[in-house]
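Please take me through this complex stop by stop. Tell me what to select in the viewer and what I will find there.

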Amino acid sequence: MWKWLHSYADPERAYNLSGKLLPWFSMLAISLIGIGSVWGLAFAPVDYQQGDSYRIIFIHVPAASMSMSAYMAMATSAFIGLVWQIKSADWAAAAIAPIGAVVTFIALITGATWGKPMWGTWWVWDARLTSELVLLFLYLGVIALYASFEDKVLAARAAGILAIVGVINIPIIKYSVEWWNSLHQPATIKITEKSSMAAEMLYPLLINILGFGLMIGAITLVRFRAEILARNSMRPWVRELAMTEGVK
Amino acid sequence: MKKGISFRQAFFTLLKRDLQIAIRHKGDIFNPLLFFILVVTLFPLGIGPEPQVLSRVAPGVIWVAALLASMLSLERLFKADYADGSLEQMLLSPQPLPLMVLAKVLAHWLLTGVPLILVAPLLAVLLHLDNNSYGALIATLALGTPVLSLLGAIGVALTVGLHKGGVLLSLLILPLYIPVLIFATTAIDAAGLNLPYSGHLAIIGAMLVGSLILAPFAIGASLRVSTN
Amino acid sequence: MVEQNSSKALLSANQLTCIREERILFDELSFEITAGEIVQIEGPNGSGKTSLLRILAGLSRPYAGDVHYQGENITRVRDEFNDDLLYLGHLAGVKSELTAEENLNFNLRISGYDEFETGDILAKVNLAGFEEALAGHLSAGQHRRTALARLWHTNCKIWLLDEPFTAIDKKGVEELEHLFLAHSKRGGCVVLTTHQDMGIIGDDILRKISLEYRFV
């Protein structure tokens, strides 16, 4: 099992493999997000309580759910890098961080935008929004730490450790924030998707969630490939690549 | 030349050395304490002296100030050792690294955390904290500040080789402090309303146990990266 | 006990590559160090001597390759390796707030020794009479000697010393050289970097590993 993993740990092979995966990820992501968004924004029925403003969930919910998944992916990758000392895994973790931060930011902005018509105010210390805000801080911490090291091989290792520490803390933070919220606010204002959501609303939402996941994967692959090239710029295979690709 | 030092002896050797150095360098103990007192005194000046308002915000103010003081004092935890090569020697010593790290964090907590706990009731008086809440304040600080030291030490270990100051450190560790802050302040609030707060303390205690077990490994791994 | 191990390499470097700030310091460097050897790593400033020593000690992780201690990867047998390793860097952990005696006492205890006479050891490095002086008040040479004192009370086989002669006078250097020779006779090995010429350890005994300054 680990022998197999190690064979892909070699930067050159990781670069080539990710190059093969990239077109699939990007094509699927574009088509799924296209279908999901058009369906959700134009064809899905109007909500009887919220009118058309509910349609922001087709962006908000995928972003929110993927913001957490991206953190998990980053921490998993960092864990692999730490335990089996695989540099490619550290780089993958470092590649995910800014994407995760942007997705989290999108979730926050769309959440606030949704809040305006719902609650009449942009920001409410709602449990979910607060957790999302803390998640953004965790991402920014990882990014800031990565940026602070001159030696990027070390930077990726350090950022990886922080990501793992963060992932252990996320459930505790989430739980404590929810609990804090339930103490300080009655449960009247809370974003809860109705569990009995109409299928015409649910399907485009699910398609968009999947599309967002693939999009994050695709952007991660692009950044991962760039990271590999930057870290190996003095290796012969990268020079060769630059010679052959650079001419075009 | 036999090697006969047990883990326990090694732990106390390091603890003793760190306490000895700190006692010869007293500023390190008093500065964070002064910071703590100063921040708390700023609040009545900022939000007005009404006792009701102050007693309402007292738990939060004291805890946020304790959090910041703890973080600021932590910054020096590994700095000197890093600069004079002691840290490398610690990493290469035959003693288990998590144990050594724990000794250093304990020494640091004894020097900076304990004084905070001792001076907190005084500040509570200034902020008109509810009379019922004093026990909860002391208990949450006693259980919570070690958690702050352990979690904070991870961030310090990650940044010790960098020339950046506390701003980066705060970005790394303040989000991790949120659960402690929430449970500690709600425990004090509950005590003020004469409600039981042992459940809150149990959760903070659980966080202490968890961080006692896990943090030393994270700190050790971080130090290995920082000294690379 | 020495016989068995002397046939086997105490420390071996396999295909070590070190990259610092996008510059390759050394590439696929391999060598073996056996018991009884005294090895000098030489090369101009910036050629990676300290980096190599730190990789051998397990403080730095090489970009590629690994270091083996008696045939085992040092990351796997870190405890046993650390137990047999004495590494002294440019700065070797002397606390200026503590006295020379307290420093030595701490360093030896943390290395696991519990029976020693700090006064005797300090006398061997010409620090008799300075036991109670704060290390911060000592001269550079005395400061360095406080760190080096550990070499007189150790049973670690592998000594990795980064510039051990810095700030040490001629007589001190000679004493250290005698100590290295005695250590190698006992079946230990010494790996050191220095720009100074050694008078006592001749070229017939000293093995050299040369690093070049590489521009790429």
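Select chains B and C and show where they meet. Here 25 residues of chain B are in contact with 28 residues of chain C. Contact means that the C-beta atoms of two residues, placed from the backbone, lie within 7 Å. Now colour helix H1 (7-23) and helix H5 (86-92) of chain B: each supplies at least two residues of the side that touches chain C. H1(B) gives the most, with six residues. Helices here are DSSP runs of H or I with at least four residues, strands are runs of E with at least two, and both are numbered from the N terminus.

Colour that side of chain B by residue class. It divides into eight nonpolar, eleven polar and six charged residues. The nonpolar class is Ala, Val, Leu, Ile, Met, Phe, Trp, Tyr, Cys and Pro; Asp, Glu, Lys and Arg are charged; the others, Gly among them, are polar.

A note before moving on. This is a predicted model, in which local features need pLDDT of at least 70, side-chain atom pairs count only at pLDDT 80 or more, and totals for chains, interfaces and linings use all residues. Residues are numbered from 1 along each chain as its sequence is written, and chains are lettered from A and ligands numbered from 1 in the order in which they are written. The predictor gives the complex an ipTM of 0.91 and a pTM of 0.91.

Next, select chains A and C. Four residues of chain A are in contact with four residues of chain C. On the chain A side, one is nonpolar, one is polar and two are charged.

The chain averages 88, and 96% of the residues score at least 70. Pick residues 1-7 of chain C: pLDDT stays under 50 there, and the model has ten contacts beyond four places in sequence for this stretch.

Now find the open sheet of chain C. Its five strands run in the order E6-E7-E8-E3-E9, with parallel pairing. Two strands pair if DSSP finds at least two bridges between them. Strand E6 (85-88) and strand E9 (206-210) of chain C are the edges, each pairing on one side only. Neighbouring strands are turned by 15° against each other on average, direction ignored. The axes behind that angle are lines fitted to C-alpha atoms, for helices over the stretch in contact, and angles run from 0 to 180 degrees between N-to-C directions.

Zoom in on E3 (residues 38-42) and E8 (residues 189-193) of chain C. They pair in the parallel sense over four bridges.

Switch to chain A. How many helices and strands does chain A have? Chain A comes to eight helices and zero strands. Its C-alpha atoms fill a box of roughly 60 × 40 × 35 Å along the principal axes.

How values were computed
pLDDT is the predictor's confidence in each residue, from 0 to 100.
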